Amino acid sequence: MTERVAIVGVGWYGFRSITPEVSYKEMMYEAAVRAYHDAGIDPRRDVDSFVTVAEDFNEGTSIFDEYTPDQMGGVLRPNETIPGEGLHGLATAYMQIKTGLIRVAVVEAHSKVSNILHPAHILAYAMDPVYNRPLGLHPYFIAGLEMQRYLFETGATLEQCAQVVVKNRQNALLNPLAAYPAELSLADVLDSEPVAEPLTRLMVAPPADGCIVMVLAAEEVARALTDTPIWIQGLGWANGSYSLENRDWVELDYVRQAAEMAYRTAGIRYPREIIDFVELDDAFAYKELQHLEALSLCRPGEAGILTVEGATSLDGDLPVNPSGGSLGCGHLLEASGLARALEVVLQLRGEAGAHQLPDVAVGMAMGWRGLPTTSAAVAILARED
Amino acid sequence: MGLTERLRRFDEAIAWKGEIPLQNRYTMGLAGERFFREIKDNARLMATHCPQCDYTYLPPRSYCERCFAELTEWVEVPSRGTVYAYTIVHLDLDEHPLDKPRLAALIEIEGCDSLFVHCLGEVEPEEVYIGMPVEAVFQEKRQGLITDIAYFRPL
Amino acid sequence: MSEHIPSYPGTPLKERDFAEGRVLHIWWVPKADYAWDAGVAIGKFLAGLKEGRILGITCPQCHRVLVPPRMVCEHCFVPTRRWVELPGTGRVKTFSICTVRWDMERLDTPIIPAVIALDGAEAPTGGGGGFMHLLGEVEPTPEAVRIGMRVEAVWRPAAERTAAITDILYFRPIKEG
Amino acid sequence: MKMRRVAVVGAGMTKFVRRALETADELSWQATQMALDSCGLTLDDIDAVASGTAPDAFDGVHMNSEYLCPGSGGWNKPFIRCYVGGGTGVMAVIHGWYHVASGLFDTCLVVCEEKMSSCQPHPQGAFLTIFDHTLERPLGPNLLWIFAMEMNAYMQRYGLSHRDIALVTVKNRRNAKDHPCALLGEDITVDDVLNSEVMAWPVRRLDVSPISDGAVAIVLASDKVAHRLTDKPVWIEGVGWSLETAYWTNRDLSYPQQVEEAARMAYQMAGITEPRKQIHIAEPYDPFDYKELHHLEGLLLADKGKAPEMTALGITRRDGDLPVCPSGGLLGVGNPIAAAGLMKVAELFWQLRGEAGARQVPGNPKRGLAQAWGDLMQVGTVVILGVA
């Protein structure tokens, strides 16, 4: 019951703006095969539980969990779908293993967002049907409001937000998984077309297709399987108020709570001293700043300054989104958080390639479910000491 | 081992088109029914108050999401307030640029802890500022919908 | 509860409460349109249908011929190989005679959905291949249709095919003898 | 390895109605509030929330759990929804179980809700889109098709008559007369079922459970907390879940193998070797009458093809040797999908505490099993509850 849990295998497909060469099933299969090979397991023999993360209206299929087991190797075994953030799936598999009933569990999340023909309509369908949706506004209005108030409250600037985009898309140039690497200037970002002012087009993470699969195992199994287990040291997740009217627009209480839970379960008192790098949600550029602050990795209003100073760059004190984040890799719907965790695993294993960070031992992944939600999850991962 | 066969040419890639063909009919609910009746019949905003949390909900809730108490204390609140945040929306739901961008806002209504979500009208984007006083403009013909409020305009 | 609780919440409404304006409500139609990538297996299957061919694919480990085709055998978790063209005949594995449409509107003429177990796709390990389709040229009565009945595909004329499952119009009974 | 014990300590539910005035969120709150009240807890005492709801198309909200979060008590709490189609109501309990059994939380709410009436023109329309988008939806399928074809395969395999099967509807609607939340508690006859209109032969209207709105909630607690709250904790002794292939047309439809897999997993965890003796009450999933029979067999509580005989002999009546669906089941109480599955667990909770009132199964039952099922006839979810 107190046994630790490790990530012992990872696999992925993508990330690309479109993936017409594979069906979603084939995409999941490719990622799964890679993860099982990485972990050295046979899913038909070695896996006790399969957890997939999916939402019906992102797939265009009601009761989408139907279509998950075959290509994962999960037929006639425990399977469960989590309509949540990818990291909620990770938390689910973690809890299952912690009970002692499950020894090896697999987590999968994917995006076939290119198959959704009217994504804004789907997002709008997530808003309150009586109070908000009838206004007929593009859901980006929520990000526009939040960004404006964030700038107002903290004194953060448009340039600081733009710098996040410049940094993340530049990081993506070194990441072969990334769908949107680019060399941009601040002016490119600031002058791109406005979508919900002050938010501009290039401050919005562009969508991408892709899939991530992870194999989790209880300590004893993990040690038998691999010399480089990546331990799940802490996990946290929380929801705020769903309603636009009653949510906390400034403090992001749900991110704070998720982080506090993760720090508590990891036994971390001073996160800034322990965490070597962070992969966090940057669905909108300002969110990277806001999330850094809500994760208590810097003071309110400080994130933008740190970004401009280069503290969050690849060679900075606290690299943030070395993968390129969602701005550089592409936003993978509910798979986004798992994509962040994938990068943390690769970094901790020393397998990140051209954007490998030196001497990293503890990394953090953070996911947000995106508009219009107040739902976040945090994972703290560490390599063997 | 992954796929042992792959598509070789673009014309082999097929996309099958379809939809989720549904419509929905939503009730307004216990609190919503009264809230929208008041808008429809009396053009006024009614909120509920949680005495335990001292929190006033607008739109009203039938229960307090913080402490779960049933909320029975209804209060009329003024249909005016100040802009807490605003944004200029340039896209419609089909992602097409709007000819005339729309102004969406969070509005602090006097006596409420909630922020009201609606659009602004009778004002140019560059004239709006955080803290600007605004008031609701109700439609002449009202159906009991949130769009019975046409928009909020500067006071 | 049960014995301790005097009354339960939940306020039932009648359909006429809506029609007669006693309860406020709002309508919404989501714009939920998709273009799903068919990918390798289903892409090839659809292309086959356009040519009037039903294609299956073989699992190299359990030797089942899988229809609908997929690139992985879900039981062995190995990639499938070797495409097989099936003759378009089979037997009715099970069926229904349905008198309502998907939105519960009544149908003038009942339709007969059935699972067709296709010849050539029934492997010795059981649970071979086949798919759901409709039966035609048979009376929609439980007496006329039976489980185990031999059937064959009736194709849409070649020029009208669109690489869709509906390129097969229906399956009809094979006249015995 | 010794697992952390988890108990059910409270339960609540709304009436199951054809169409509710309450929003989906308000229904959740009503059930959750009742569950908290029933064990003297407030929201402050709750560490986490496990949510369950079936397709978003019913409530008509994308990412529906976010919408339902406040009513489920999820404000400023860890909150995750689980989802396995019709199997969700029981899966949610398993989902809640490992929240607590993992040692991460001491208390967890499990809340399931469905407001099917939001889906128009008919809630059945949502089921069109559970079929494969490319190969099946173009044929215009509805949910009745697969039930009818499965029922037909089952009847054919064992030579069953519709009369044998209709007894289930009669029993469950009668049981539901004693359920204060039931939509369809009434006395009907086998002939009423057999004479009701054909929807999709062999399925007739009265073979089918009704479309409903409703919510159910239960409270889970760790060993330590449970003992502090009540002297009648009901323990979760076993959990099991399993998912069959989506290629349902390739399967033998006369037997629910996935239900057997889930049951074996749960029996093993609960240390049950002779389920027919050790299970005192069963609440198998009964969205259609034949499904109760099918599932009794999959749960190894009846021999293959013999569940109809058990029913005819009265064994499954409330006062029989193995009471089955004493609540009235989905056929009698109603079927707001995920909530209906959780209703079965709530029923066991009340039954095992001797609090089921007019529905009380006689003879001090000590152990019960609830099961749900779903997707394209793929899911089996099983929970075994027991009292010392």
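The model is a predicted one. This second largest cavity holds about 270 Å³ of space. Helix H1 (29-42) of chain B and helix H1 (24-38) of chain D each put at least two residues into its lining. Sorted by class, that lining comes out as 11 nonpolar, six polar and five charged residues.

How many cavities of 30 Å³ or more are there? The count comes to six. The largest cavity takes up about 370 Å³, and 30 residues line it. Nearest the centre of the largest cavity sit Lys25(A), Ile42(C), Pro69(C), Asp132(D) and Tyr247(D). Helix H1 (24-39) of chain A, along with helix H2 (39-50) and strand E9 (130-135) of chain C, each bring at least two residues to the lining of the largest cavity. H1(A) gives the most, with four residues. The lining of the largest cavity splits into 17 nonpolar, five polar and eight charged residues.

The largest pocket has a volume of about 750 Å³. It is lined by 32 residues, and the closest to its centre are Val113(A), Pro119(A), Leu123(A), Tyr140(A) and Pro207(A). Which helix supplies the largest share of the lining of the largest pocket? That is helix H5 (residues 119-124) of chain A, with four residues. By class, 20 residues of the lining of the largest pocket are nonpolar, six are polar and six are charged. The second largest pocket contains about 430 Å³ of space. Its lining is made up of 16 residues, with Arg205(D), Val208(D), Ser209(D), Pro210(D) and Ile211(D) nearest the centre. Here nine of the lining residues are nonpolar, three polar and four charged.

Chain D also has an open sheet of nine strands, in the order E3-E2-E4-E8-E1-E9-E12-E11-E10 and with mixed pairing. Strand E3 (79-82) and strand E10 (281-283) of chain D are its edge strands, each pairing on one side only. On average, and with direction ignored, neighbouring strands of this sheet are turned by 25 degrees against each other. Within chain D, strand E2 (residues 48-52) and strand E4 (residues 107-115) run parallel and are joined by five bridges. Along this pair, Gly52(D) stands opposite Cys112(D) in E4(D).

What lies across these strands of chain D? Helix H4 (residues 88-101) of chain D does, lying across strand E1 (6-13), E2, E3, E4, strand E8 (213-222), strand E9 (234-243), strand E11 (367-374) and strand E12 (379-386) of chain D. H4 of chain D runs at about 160 degrees to E4(D).

In chain A, strand E5 (residues 194-197) pairs with strand E6 (residues 199-200) in the antiparallel sense, over two bridges. E5(A) and E6(A) form a hairpin, with one residue between them. Pro194(A) stands opposite Thr200(A) in E6(A). E5(A) is also joined by two bridges to strand E6 (residues 80-91) of chain B, and these two run antiparallel. In that pairing, Ala196(A) stands opposite Val89(B) in E6(B).

Definitions and conventions
Residues are numbered from 1 along each chain as its sequence is written. Chains are lettered from A and ligands numbered from 1 in the order in which they are written. This is a predicted model: local features need pLDDT of at least 70, side-chain atom pairs count only at pLDDT 80 or more; totals for chains, interfaces and linings use all residues. Side-chain values use heavy atoms; hydrogens and water are left out. On a 1 Å grid over the protein atoms alone, a cavity is a set of points where a 1.4 Å probe fits but cannot get out, and a pocket is an open set with protein on both sides within 12 Å along at least five of seven lines; lining residues have an atom within 4 Å of a point. Grid points are joined across faces, edges and corners, and a volume is the space filled by probe spheres set on the points. Ala, Val, Leu, Ile, Met, Phe, Trp, Tyr, Cys and Pro count as nonpolar, Asp, Glu, Lys and Arg as charged, and the others, Gly among them, as polar. Two strands pair if DSSP finds at least two bridges between them. Axes are lines fitted to C-alpha atoms, for helices over the stretch in contact, and angles run from 0 to 180 degrees between N-to-C directions. Contact means heavy atoms within 4.5 Å.
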